[in-house]
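Here are some notes for a colleague who is about to look through this model. They take up a cavity, a helix and a few contacts in turn.

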Amino acid sequence: MTELSVKALYNLEETKAKPLLLSVTYPWEALSKIGDFILELGKTLSSDEYNQIQENVWVAKSAVVAPTAYIQGPAIIGQKTEIRHCAFIRGNALIGDGVVVGNSTELKNVILFNQVQVPHYNYVGDSILGYKAHMGAGSITSNVKSDKGLVVIKTGDTRMETNRKKVGAMLGDGVEVGCGSILNPGSIVGKNANIYPLSSVRGTVPENSIYKKQGEVVLKA
């Protein structure tokens, strides 16, 4: 399923997680390794560019972090990134350069590529968001099934076992998620796809497409 692979979804030049993502075939395979990767990467960061503000938390000197934001390690916050009022970063968060993490947005076990925007009341857990991906206000990644079973990636008639209870969404580069949308566990959205507001997304969405509702996905003109 090459369309679901790391190479199909992401420009790895736009993240410090490149070595980690090159070590796997599919992005969800990296989720269990994010924390350890951050701990090793943090040791290599230049003290000229990053401050270690607490144990296992490194913040670029050019980043702006609101005093009301909460950051639990391990976490890295990149250059010229903005962490706004009451953001809640719960650990295992590798946040790239030029990212916006907005008011009351919650992150947990994530990789955010450079210039990602999660600017308004978003929940992003056990997920990877590609370069310039944007989640509209109130859109969230749901990362646990209602029956608490293991998450399965579904595309057409194909089922791919993740062997994980928690898998959120894998958003390719340039994805736009409309306001108030829910990305159900194991959702994969291809590069430059658009999700209509108030959508409930399941399974996979092809690159360069528009998701209007379940069963109505059209390619961009």
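Notes on the model

1. Please keep in mind throughout that this is a predicted model. The largest cavity is lined by Thr-15, Lys-16, Leu-94, Ile-95, Gly-96, Leu-112 and Asn-114, a set that divides into 3 nonpolar, 3 polar and 1 charged residue. Its volume is about 30 Å³, and a search of the whole structure finds 1 cavity of 30 Å³ or more.

2. Helix 3, which spans residues 34-44, has as its buried residues Ile-34, Gly-35, Phe-37, Ile-38, Leu-41 and Gly-42. These cover an arc of only 155° around the axis, and therefore they sit on the same side of helix 3. In general, an α-helix has 3.6 residues a turn, so residues three or four places apart point the same way. On the other side of helix 3, Asp-36, Lys-43 and Thr-44 are exposed.

3. Which elements cover the buried residues of helix 3? The cover includes helix 2 (18-22) together with strand 2 (57-60), strand 5 (75-77), strand 8 (93-95) and strand 10 (106-112).

4. Within helix 3, Gly-42 deserves a separate remark. Gly-42 counts as buried because its relative accessible area is 3%, where the cut-off is under 20%. Not counting residues up to four places away in sequence, Gly-42 touches Trp-58 and Ile-76. Cys-179, by contrast, is 137 residues from Gly-42 in sequence and 34 Å from it in space, C-alpha to C-alpha.

5. A search of the whole structure finds 3 aromatic pairs. One of them is formed by Tyr-10 and Phe-113, and this pair is stacked, with 4.9 Å centre to centre and 25° between the planes. The pair links distant parts of the chain, since Tyr-10 belongs to the loop between helix 1 (6-9) and helix 2, while Phe-113 belongs to the loop between strand 10 and strand 11 (117-120), 103 residues apart. Are the two partners, Tyr-10 and Phe-113, buried or exposed? Tyr-10 is buried, and Phe-113 is buried as well.

6. Tyr-131 is found in the loop between strand 12 (123-129) and strand 13 (134-135). Leaving aside its neighbours within four places in sequence, Tyr-131 is in contact with Glu-14, Phe-113, Asn-114, Gln-115, Asp-173 and Gly-174; of these, Phe-113 also takes part in the stacked pair with Tyr-10, and Asn-114 also lines the largest cavity. Finally, Tyr-131 and Leu-9 are 122 residues apart in sequence, yet 9.6 Å apart in space, C-alpha to C-alpha.

Technical notes: Residues are numbered from 1 along each chain as its sequence is written. This is a predicted model: local features need pLDDT of at least 70, side-chain atom pairs count only at pLDDT 80 or more; totals for chains, interfaces and linings use all residues. Side-chain values use heavy atoms; hydrogens and water are left out. On a 1 Å grid over the protein atoms alone, a cavity is a set of points where a 1.4 Å probe fits but cannot get out, and a pocket is an open set with protein on both sides within 12 Å along at least five of seven lines; lining residues have an atom within 4 Å of a point. Grid points are joined across faces, edges and corners, and a volume is the space filled by probe spheres set on the points. Ala, Val, Leu, Ile, Met, Phe, Trp, Tyr, Cys and Pro count as nonpolar, Asp, Glu, Lys and Arg as charged, and the others, Gly among them, as polar. Buried means under 20% relative accessible area, exposed over 50%, partly exposed in between (1.4 Å probe, protein chains only). Helices (H or I, at least four residues) and strands (E, at least two) are DSSP runs, numbered from the N terminus. The arc is that of the directions from the helix axis to the C-beta atoms. Contact means heavy atoms within 4.5 Å. Rings of Phe, Tyr and Trp (its six-membered ring) pair if their centres lie within 6.5 Å; planes under 30 degrees apart count as stacked, over 60 as edge-to-face and the rest as tilted.
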